[in-house]
Amino acid sequence: MKKTLVLQDTEHPHRSNALLEVAFGMYGKQHSESWLLCYTEAHDSILEGFDHVVVVKDGYQAVNDVRGICTSILSLYDEHCFDSILIPGTWVGRMVAPRLAKQLKVGLIAEINDIQKKDGTLEFIRTAYSGNVLCGISMQSKSPVLLTIKGGIFSYKAEGAPKAPTLEYIAAPTPSPTMKCLKRSPLEQSYDIRDSEVLVSGGGGAKKVVLLLQELAKALHGQVSASRKLVDQGLAERNIQVGQSGRVVNPKLYVAVGIDGAIQHVEGLRDVETIISINTREDAPICSISDFVVVGDAKICIEKLLKRIGADT
Amino acid sequence: MHIICLVKFVPDVSAFNYDYNTSSMVNTHTKMVLNPDDVHALSFALQVKRKWPETYLEVVSMASPSVTVYMHDLLRLSVDKGTLLSDPLYAGSDTYATSEVLGTYLKGQHYDCIITGSRSLDGATSQVPAQIAQMLGLDHLLDITEVDMNHLSSNEAQCTVETDTEIQTWSIQMPAVLSFARNSRAKLPYPTFEALQKDVSGKLFMISNQDLGLKRDSVGLEGSLTKVVHTYEAENMSRAKTVVGVNDEGIDLLVQFLEKRGYL
């Protein structure tokens, strides 16, 4: 049996078991035994798939205590000697995992997209250079394998009736008095682009049609997302950014307006059913993975389309 | 206040192009730029220095001596000292080995605050700042969007961060590692004409492994705990596509396409 510890994704609690797929990918489902370190209330939907759940008492107070989380993980590691420790690629996870790597003296592979087995060794695939290159990385250090995984890449596939995990309760270490959260407020974005079925996405070539993107998204019952270029220019919020430094999306329809498509963008669209691109360049990378390409000016195209379907205002 | 700002020079990836038909990189020209997140960090430090001129600002980078000219550019912007950690032994270091080098240098320095970018443009794993914080036994905040200048001292900083779902304000005691998120509005000032004429090479210090004394097997490729074993060319994912122009016929076909697939 190979043992895996998963740190709960406290920003999206129901996504934690997606990380189990990574363990199954490494060891096979039959050979995996899993633990979840849980900071929120332990609902069935969160626990599904795990063999053991370690619940942190009053965990909601400790969700952002990075050093405390490291301490709890290390003490569980001392007890169970995990073969792998999987950390969600959240704000907290991205601070926890590198610290753990230093404490355990192991390598850390961050934000993996895929796992491959080559001659019995594991190779982890991730993008680099702003998503322009895909790298296969191998771990040179001893156990455990330490990874961070971004939300939306893997998803848990339930099989058969869920079994009830064993439950254990632990106390959180006393948080350090040197850091204090003074205020928390939810981001104002009313939607999460990862949940959208239809996305109208703007890139560097959509600078002048940002408002039209909204109208088109509305007409197609979808939401607006953006590429890094548009976000960097301050024309879109970072929380609707698609790609390596943004979010991984999985809509049914993706309309790419003025997006050229670096690998990160194109890789993230592998499973999208339908891709339409509107671009002045037919040879833009995104056009070669599109089902439908409109070559020409985005403004005129969207205006004509809205008029044609009677959605113009 | 004594600020150490860690920076990295990265290839300007916006100049990268990928040809999907031949599955290859088209690298017409690749110049180095200051990592965008680090631009935000350094512009914050310069802002602090403008407000409190007695602030001492050091910029540290681990890189090959070829970035000397870029370091000189930064030293023309009221940066007091530049340090380049450079040794052939360090080539090929992964994040683990990189933080060993930077952390070892920082252990011997005086500072109230270490500031960095959150992610680098090339690796984008945001591991090094957290690992340095771990090595130095300091607190760390990632993805800082703003630091409140009214609550900034050599004892405390109040920082706003943006997570995936929330905006949070934190009070953090100094010394600490503060990592800034990319901010498109953050820009470095242009050097003055006077500064452009100045010889700043006296403000740049080269530190080699002879100074730091790290073991050969703890740095560079040998000290790296992860290894890039393959670089993949993107799989050909071409689809059978319809190509139209922006004219009535094209829009008609687009509408038919959307209707057929149930989106209209």
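Let's start with one pair of residues: Gly136(A) sits opposite His230(B), which belongs to strand β14(B). Those residues come from strand β8 (residues 133-139) of chain A and strand β14 (residues 226-232) of chain B, an antiparallel pair joined by six bridges. Strands pair here if DSSP finds at least two bridges between them, and the strands (E, at least two residues) and helices (H or I, at least four) are DSSP runs numbered from the N terminus.

Keep in mind that this is a predicted model, where local features need pLDDT of at least 70 and side-chain atom pairs count only at pLDDT 80 or more, while totals for chains, interfaces and linings use all residues. Residues are numbered from 1 along each chain as its sequence is written, and chains are lettered from A and ligands numbered from 1 in the order in which they are written.

**How the chains meet**

- The contact between the chains draws 73 residues from chain A and 64 residues from chain B; two residues are in contact if their C-beta atoms, placed from the backbone, lie within 7 Å.
- On chain A's side of that contact there are 36 nonpolar, 20 polar and 17 charged residues (Ala, Val, Leu, Ile, Met, Phe, Trp, Tyr, Cys and Pro count as nonpolar, Asp, Glu, Lys and Arg as charged, and the others, Gly among them, as polar).

**Domains of chain A**

- Chain A splits into domain 1 (2-171) and domain 2 (193-308), with bounds from an automatic or database domain assignment.

**The six-strand sheet**

- This open sheet has parallel pairing and runs in the order β13(A)-β12(A)-β14(A)-β15(A)-β16(A)-β15(B).
- At its edges stand β13 (223-226) of chain A and β15 (242-245) of chain B; each has a single partner strand, so one side of each has no neighbour in the sheet.
- From one strand to the next, the twist averages 20°.
- Inside the sheet, strand β14 (residues 253-257) of chain A and strand β15 (residues 274-279) of chain A run parallel and are joined by five bridges.
- In that pair, Tyr254(A) faces Ile275(A) of β15(A).
- Helix α8 (residues 248-260) of chain B packs on the sheet too, touching β16 (292-295) of chain A and β15 of chain B, and its direction makes about 140° with that of β15(B); such angles run from 0 to 180 degrees between N-to-C directions, and axes are lines fitted to C-alpha atoms, for helices over the stretch in contact.
- Helix α5 (residues 210-219) of chain A lies across β12 (198-202), β13 and β14 of chain A, at about 170° to β12(A).

**The ten-strand sheet**

- Another open sheet has 10 strands with mixed pairing, in the order β11(A)-β11(B)-β10(B)-β9(B)-β12(B)-β8(B)-β1(B)-β6(B)-β7(B)-β13(B).
- Its edge strands, β11 (179-186) of chain A and β13 (204-207) of chain B, each pair on one side only.
- Here the strand-to-strand twist averages 30°.
- Strand β8 (residues 113-117) of chain B pairs with strand β12 (residues 176-180) of chain B in the parallel sense, over four bridges.
- Opposite Thr116(B) you'll find Ser179(B) in β12(B).
- Helix α2 (residues 68-75) of chain B packs on this sheet, where it touches β6 (56-62), β7 (81-85) and β13 of chain B; its direction makes about 160° with that of β7(B).

**Helices packed on helices**

- In chain A, the axes of helix α3 (residues 66-80) and helix α4 (residues 91-104) come within 9 Å and cross at roughly 50°.
- α3(A) and α4(A) are therefore oblique to each other (angles under 35 degrees count as roughly parallel, over 145 as roughly antiparallel, 65 to 115 as roughly perpendicular and the rest as oblique).
- By class, the contact of α3(A) with α4(A) has nine nonpolar, one polar and one charged residues.
- In chain B, helix α3 (residues 95-107) packs against helix α4 (residues 128-136) at an angle of about 45°, with axes 9 Å apart.
- The contact of α3(B) with α4(B) has six nonpolar, five polar and one charged residues.

- The peptide bond from Ser143(A) to Pro144(A) is cis, with omega near 0°, and Pro144(A) lies in the loop between β8 and β9 (145-149) of chain A.
- Chain B has a cis bond from Met174(B) to Pro175(B), with omega near -5°; Pro175(B) is in the loop between β11 (166-173) and β12 of chain B.
- His221(A) isn't a glycine, yet its phi is positive, near 60°; look for His221(A) in the loop between α5 and β13 of chain A.
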